[in-house]
Amino acid sequence: MSVAAVAVFCGSRFGARPAFQEAAREMGQRLGEAGMRLVYGGGDVGLMGTVADATLAAGGKVSGVIPTFLEAREVMHQGVTDLTVTDSMHSRKQLMFARADAFVVLPGGLGTFDETMEILTWRQLKLHDKPIFIVNVAGWADPMLGMLRAAVENGFAESAALDLFEVVPDVATTMARLGAVVRSPVVDDASRL
């Protein structure tokens, strides 16, 4: 089974470097061109809005998932293919997980870190075996990757924890890796999360 839907975690702000927005735009465009559905946090702002708009502009489908209390704060995207409003952040993440075949982490802040750590933890606990790609645009992820390595070095995680994800340098490499993924038809059980 190939990858049909990709959850993208990224910032609700644009960040300090133009390369961040360029990567989000390229990610969306390439997902749309490849016929892969974008699953994302439902916002119309920052990199979130950029990746959604680029996917739509390339003829792709976009599934937004946003908790009710963020509808106004993140300016809910009204132009996506389908939009689901959840009752909490946790149910948002569960639904994004259930709809995705793979995860891509683009530059972002605390929310992006939260989503990344949770999906890594779920994979470590063998609740899923979906691929996770961290796109290290302009080195933005270096501190997060250092934290993960430090957890291993300090005895808080097995070295196998560093195999739960793959670090890629750019969107082109990410798309090549997504295209190479072949998943078993086993359905991950989101109810166990």
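Tutor: Let us begin with a definition: helices (H or I, at least four residues) and strands (E, at least two) are DSSP runs, numbered from the N terminus. This is a predicted model, in which local features need pLDDT of at least 70 and side-chain atom pairs count only at pLDDT 80 or more, while totals for chains, interfaces and linings use all residues. Residues are numbered from 1 along each chain as its sequence is written, and side-chain values use heavy atoms, with hydrogens and water left out.

Student: What is L162 in contact with, apart from its neighbours within four places in sequence?

Tutor: With those neighbours left aside, L162 is in contact with L148, R149 and V152, where contact means heavy atoms within 4.5 Å. The C-alpha atoms of L162 and L120 are separated by 9.7 Å, although these residues are 42 apart along the chain.

Student: Switching to helices, how do helix 4 and helix 5 cross?

Tutor: The axes of helix 4 (residues 110–124) and helix 5 (residues 142–153) come within 12 Å and cross at roughly 35 degrees; axes are lines fitted to C-alpha atoms, for helices over the stretch in contact, and angles run from 0 to 180 degrees between N-to-C directions. On the helix 4 side the contact is made by F113, T116, M117 and L120, and on the helix 5 side by M144, M147 and L148.

Student: What about the sheet, in what order do its strands come?

Tutor: The open sheet has seven strands in the order 4-3-2-1-5-6-7, with parallel pairing, and two strands pair if DSSP finds at least two bridges between them. Strand 4 (82–86) and strand 7 (166–168) are the edge strands, each pairing on one side only.

Student: How many bridges join strand 5 to strand 6?

Tutor: Strand 5 (residues 102–105) and strand 6 (residues 132–135) run parallel and are joined by three bridges, and F103 stands opposite I132 in strand 6.

Student: Last one, which strands does helix 2 lie across?

Tutor: Helix 2 lies across strand 2 (37–40) and strand 3 (62–67), and runs at about 160 degrees to strand 2.
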